[in-house]
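User: I have a structure here that is new to me. Can you walk me through it?

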Amino acid sequence: MAYVLQVDFTMNGPFGDEMAAAFSGLAQSINEEEGFMWKIWTESPETNEAGGIYIFETKETAQKYLDMHTKRLAGFGITGVNAKIMAINPKLSDITKAPGLK
């Protein structure tokens with residue numbers, strides 16, 4: 001069963017194309033994480049927030065990534081990370097066209 005990891009935090013930029021340029025190396029490294037399936041990057045320049053929606057193969061790999069990522073963010077001076085891990089219902093998600101769960 002796949003799991004969603006939802007993360008958000010306060011960040012004062014960069015956003016948009018600048019964020020894409022600044023974090024492309026990080027994005028590539030995430031692809032190498034154990035159990036990682038995919039991520040949607042989220043941002044709100046209006047509220048100075050960023051984060052993402054991740055899909056992991058297991059709850060354990062999602063938790064392992066969250067622990068590591070929280071420490072990495074703290075190294076960037078980002079604290080107050082909001083996160084939750086939830087199971088995905090694959091049958092209903094398939095009906096609503098969720099990608100990459102098979």
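Analyst: This is a predicted model. One place to start is the hairpin of β2 and β3, where four residues lie between the strands and asparagine 48 has a positive phi near 55°.

User: How many bridges do β2 and β3 pair over?

Analyst: Eight bridges, in the antiparallel sense. Serine 44 stands opposite glutamate 49 of β3, and tryptophan 41 stands opposite glycine 52, also in β3.

User: What lies over the face of tryptophan 41?

Analyst: Lysine 39, at 3.3 Å from the ring centre.

User: OK, the sheet. What order do the strands have?

Analyst: The order is β2-β3-β1-β4, in an open sheet of four strands with antiparallel pairing.

User: Which strands stand at the edges?

Analyst: β2 (36-44) and β4 (82-87). Each has a single partner strand, so one side of each is left without a neighbour in the sheet. From one strand to the next, the twist averages 15°.

User: And where do the helices go?

Analyst: α1 packs on the sheet and touches β2 and β3, with its direction at about 160° to that of β2. α2 lies across β1, β3 and β4, and runs at about 15° to β1.

User: Next topic, the core. Which residues touch the most other members of the largest nonpolar core?

Analyst: Leu5, Phe9, Met11, Tyr54 and Phe56, in a core of 19 residues. At least two residues of this core come from each of β1 (3-10), α1 (16-30), β3 (49-56) and α2 (59-75).

User: Phenylalanine 56, is that buried or exposed?

Analyst: Buried, with a relative accessible area of 0%.

Analyst: Four. In one of them, tyrosine 54 and phenylalanine 56 are stacked, at 6.1 Å centre to centre with 25° between the planes. Tyrosine 54 counts as buried, at 1% relative accessibility.

User: Why is the pair of phenylalanine 56 and tyrosine 65 tilted?

Analyst: Their planes are at 35°, so the pair is tilted; the ring centres are 5.4 Å apart. Pairs count as stacked under 30 degrees and as edge-to-face over 60. Tyrosine 65 is buried, as is phenylalanine 56.

User: Which residues form the aromatic cluster?

Analyst: Phe36, Tyr54, Phe56 and Tyr65 form one cluster.

Terms used. Residues numbered from 1 in each chain as written. Predicted model: local features only at pLDDT ≥ 70, side-chain atom pairs only at ≥ 80, totals over all residues. Heavy atoms only, no water. Core = buried A, V, L, I, M, F, W, Y, C linked by side-chain atoms within 4.5 Å. Buried < 20%, exposed > 50% of the residue type's maximum accessible area, 1.4 Å probe, protein only. Pairing = 2+ DSSP bridges. Axes fitted to C-alpha atoms, helices over the stretch in contact; angles between N-to-C directions. Contact = heavy atoms within 4.5 Å. Phe/Tyr/Trp six-rings, centres within 6.5 Å; stacked < 30°, edge-to-face > 60°. Lys NZ or Arg CZ within 6 Å of the ring centre and 35° of its normal.
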